[in-house]
Amino acid sequence: ARATVRIEPLEDRTSHNARVVLRGQPQGRRVTVVPETVTVSVRCPGTTLAKLSPAVWVPFVVVSPLKPGNYTLPVHIESIANCTAAITPATVAVRIR
């Protein structure tokens, strides 16, 4: 049996000052996020990175199940196959009023 393995170099892309988006903002509530922007770094094979939609880079926090109060929430981006991502800072302070 013979196997062929294709090795692709990894490439890095970084988006500085990416605005954190709220997912599931409660209707009629005011939500503040601190900091409002984060840095998103992605490492992928070059062919994968070239095909990525800008929407993949959008950092977000999920606030839909939360009641008014103060929270420290993790920041996410959409999962990207064959890639690793780092978000700095990894959490943000969220206040729901």
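Biologist: Over how many bridges do strand β4 and β7 pair, and in which sense?

Modeller: Please note that this is a predicted model. Strand β4 covers residues 37-45, and one of its bridges to β7 joins serine 41 to alanine 86. The pairing of β4 with β7 is antiparallel, and the number of bridges is five.

Biologist: Which strands stand at the edges of the open sheet?

Modeller: The sheet has three strands in the order β1-β4-β7, with antiparallel pairing. Two of these strands have a single partner each, so one side of each is left without a neighbour in the sheet. The edge strands are therefore β1 (10-19) and β7 (84-88).

Biologist: By how many degrees are neighbouring strands of this sheet turned against each other on average?

Modeller: The direction of the strands is ignored for this angle. The average is 15 degrees.

Biologist: Which element gives the most to the largest nonpolar core?

Modeller: This core has 23 residues, and those touching the most other members are Val40, Val42, Leu52, Val61, Ile80 and Val94. Two or more residues come from each of β3 (31-34), β4 and β8 (91-96). With four residues, the element that gives the most is β4.

Biologist: Is valine 42 buried or exposed, and what is its relative accessible area?

Modeller: Valine 42 is found in strand β4. Buried means under 20% relative accessible area, so valine 42 counts as buried, at a value of 2%.

Note on methods: Residues numbered from 1 in each chain as written. Predicted model: local features only at pLDDT ≥ 70, side-chain atom pairs only at ≥ 80, totals over all residues. Heavy atoms only, no water. Pairing = 2+ DSSP bridges. Axes fitted to C-alpha atoms, helices over the stretch in contact; angles between N-to-C directions. Core = buried A, V, L, I, M, F, W, Y, C linked by side-chain atoms within 4.5 Å. Buried < 20%, exposed > 50% of the residue type's maximum accessible area, 1.4 Å probe, protein only.
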